[in-house]
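Work through the exercises below with the coordinates loaded. Each task is followed by a solution in steps.

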Amino acid sequence: MILFSIFSVLSSLFVFVTGGKLPEPEVKIEVLHKPLMCYRKSKYGDMLLVHYDGFLESNGTIFHSSRKDGDRNPVWFTLGIKEVLKGWDKGLQNMCTGERRKLTVPPSLAYGKEGKGKIPPSSTLIFDIELMDIQDGPRSHESFRQMDLNDDWKLSRQEVKEYLKKEFEKHGYSPNDTHHEVMVDDIFKNEDEDKDGFISAREFTYQHDEL
């Protein structure tokens, strides 16, 4: 009880001194193989093709392998838009085609306190990941972040409107609020799939002419 109280006080003191939250645990990255030539490195917004094996750190049990389970094909996903575990988004940046990495992912960047399927709650996971290919993503992560003014991983009507006004001005056109409103209506009609009034990072990956 005393130790718990001391830990609580120290944690609170750290938050007060730093003026924010406790630092988020990081992914441990170990490069198992790197090709001699690296023509392109992965970045947010790229589509990656990977083979992987996933293990529980606690006992080494393998819970999934793309080479052995299902159709045994490698997996495509877009880096940096929360399609995969947060630990993957963090740990697979700046990776070369043909590179192989071992990621040790803490629970907070994996399946958290709840767990999932074969993965017990609060599990640290280990992934052996080989990057097979890198392709241009359907929509760049950088442009989404430019539009997402409050960093909440979703775009409001006002944020999209502000982006359109800046783009018009950048290309020498005078801003036209009425025209922008019509464009925003059209964009949300086509991209806001769940009709919640926002365009999420996942919805944003589907290309729209106005953006």
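**Exercise 1.** Locate Met 37 relative to the strands, and decide whether Met 37 is buried or exposed.

Solution. Step 1: Met 37 sits in the loop that runs between β1 (28-33) and β2; helices (H or I, at least four residues) and strands (E, at least two) are DSSP runs, numbered from the N terminus. The model is predicted: local features need pLDDT of at least 70, side-chain atom pairs count only at pLDDT 80 or more, and totals for chains, interfaces and linings use all residues. Residues are numbered from 1 along each chain as its sequence is written, and side-chain values use heavy atoms, with hydrogens and water left out.

Step 1: the relative accessible area of Met 37 is 54%, so Met 37 is exposed (buried is under 20%, exposed over 50%, partly exposed in between; 1.4 Å probe, protein chains only).

Step 2: Leu 36, Met 37 and Tyr 39 make up a nonpolar surface patch with about 490 Å² of accessible area together. Patch residues have over 30% relative accessible area and no salt bridge, with nonpolar side chains (Val, Leu, Ile, Met, Phe, Trp, Tyr) joined within 5 Å and like charges within 9 Å; areas come from the Shrake-Rupley method with a 1.4 Å probe, and for residues only the protein chains shown count as cover.

**Exercise 2.** Which residues form salt bridges with Asp 46?

Solution. Step 1: Arg 40 pairs with Asp 46, the closest N and O atoms being 3.1 Å apart (a salt bridge is a side-chain nitrogen of Lys or Arg within 4 Å of a carboxyl oxygen of Asp or Glu).

Step 1: Lys 43 also forms a salt bridge with Asp 46, at 3.2 Å from N to O.

Step 2: Asp 46 has a relative accessible area of 2% and is therefore buried. Arg 40 is partly exposed at 29%, and Lys 43 is partly exposed at 40%.
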